[in-house]
Amino acid sequence: PSFFSVISSGINAEYGDAPGHKKRRSEEAFDEAEVFSKSEIRKFVKSFRRFGPAAKRLKEIGRDAGMSASVAELEALLDIMHTKCSEAEAYATNIDGTQKKNTTILLGGCSFSTNQIAQREALLNNLEHIPEKPKDRIAWRIDKNTKPTGWDLEWGLEEDSMLLIGVYEHGLGSWDKVIADAKLNLSEKVFPAEGEGKPRPEHLQTRAEYLLKNLPKLMTKSPTKTPKKKERRERKKKKEEPVEDD
């Protein structure tokens, strides 16, 4: 069956319709289990937990997962995953109003923890502070001082900034690629995995998570949002309008 002609077997079959939830057209016409294999869905979620913000990085997520799906297909899969997480959390409320510590969802027959999805996405969403354009990105730096590492090799604000740029480009956890990226200049700042000094690749994970969690506090400015097409057209039109003399 074609992608958008697939009749959904019911996105809410596991939980029913969440209170106040209104189905969108994409939810009614998309069954992820018909479009993607279990292996593809697992790879998608694994790559989703590497790159962010996910909605803007679907091409990179799909490439990292080795998927040939279109951006529209990946966007539909992301929407369904978000919806299922929301529905699962809505039905995980205890009688006293508190939330259960963890819930799971079934996505295309694969089970995932909603906490692992939501917490990692919230962390990676802070990468929106890093510019999208490569030229601007490599010139980007964290604004405020970060906590000392206590590592054996010198590591400061410059290295922290390069580490996050590496995470943006190669994904959280892809430390071999980050270290090997010559423009980041981190190869001489990290001990081999089998070494005894610090930092080793495993320590970069902890440091990156600390930086991502605190990045909004470490930046003096809010992330610059790319103007929408309509806004750009209006600005261009206004700029081209002749200035009348008084």
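Let me start with N185, which is exposed, with a relative accessible area of 57%, where exposed means over 50% relative accessible area, buried under 20% and partly exposed in between, using a 1.4 Å probe and protein chains only. Its phi is near 55 degrees, a positive value in a residue other than glycine, and N185 sits in the loop between α9 and α10; helices here are DSSP runs of H or I with at least four residues, numbered from the N terminus. Please keep in mind that this is a predicted model, in which local features need pLDDT of at least 70 and side-chain atom pairs count only at pLDDT 80 or more, while totals for chains, interfaces and linings use all residues. Residues are numbered from 1 along each chain as its sequence is written, and side-chain values use heavy atoms, with hydrogens and water left out.

The loop between α9 and α10 also holds P199, and the peptide bond from K198 to P199 is cis, with omega near 10 degrees. Another cis peptide bond joins G52 and P53, with omega about -10 degrees, and P53 is placed in the loop between α3 (38–48) and α4 (58–64). For background, most residues other than glycine have a negative phi, and most peptide bonds are trans.

Now to α10 itself, residues 201–218, which bends by about 40 degrees at L212, with a proline, P216, following within four residues; the bend is the angle between axes fitted to the seven residues ending at a position and the seven starting there. Among the buried residues of α10 are H203, L204, R207 and L212, and the buried residues of this helix pack against α6 (114–124), α8 (157–170) and α9 (175–180).

What does L204 touch, leaving aside its neighbours within four places in sequence? L204 is in contact, meaning heavy atoms within 4.5 Å, with W151, W155, L163, W175, I179, V190 and P199.

The largest nonpolar core has 29 residues, of which W140, L163, L164, W175 and L204 touch the most other members; such a core is a set of buried Ala, Val, Leu, Ile, Met, Phe, Trp, Tyr and Cys residues joined through side-chain atoms within 4.5 Å. Helices α6, α8, α9 and α10 each supply at least two residues of this core, and the largest share, 7 residues, comes from α10. A second, separate core of 23 residues includes I80, C110, F112 and I117.

Finally, C110 is buried, with a relative accessible area of 3%, and C85 is buried at 8%.
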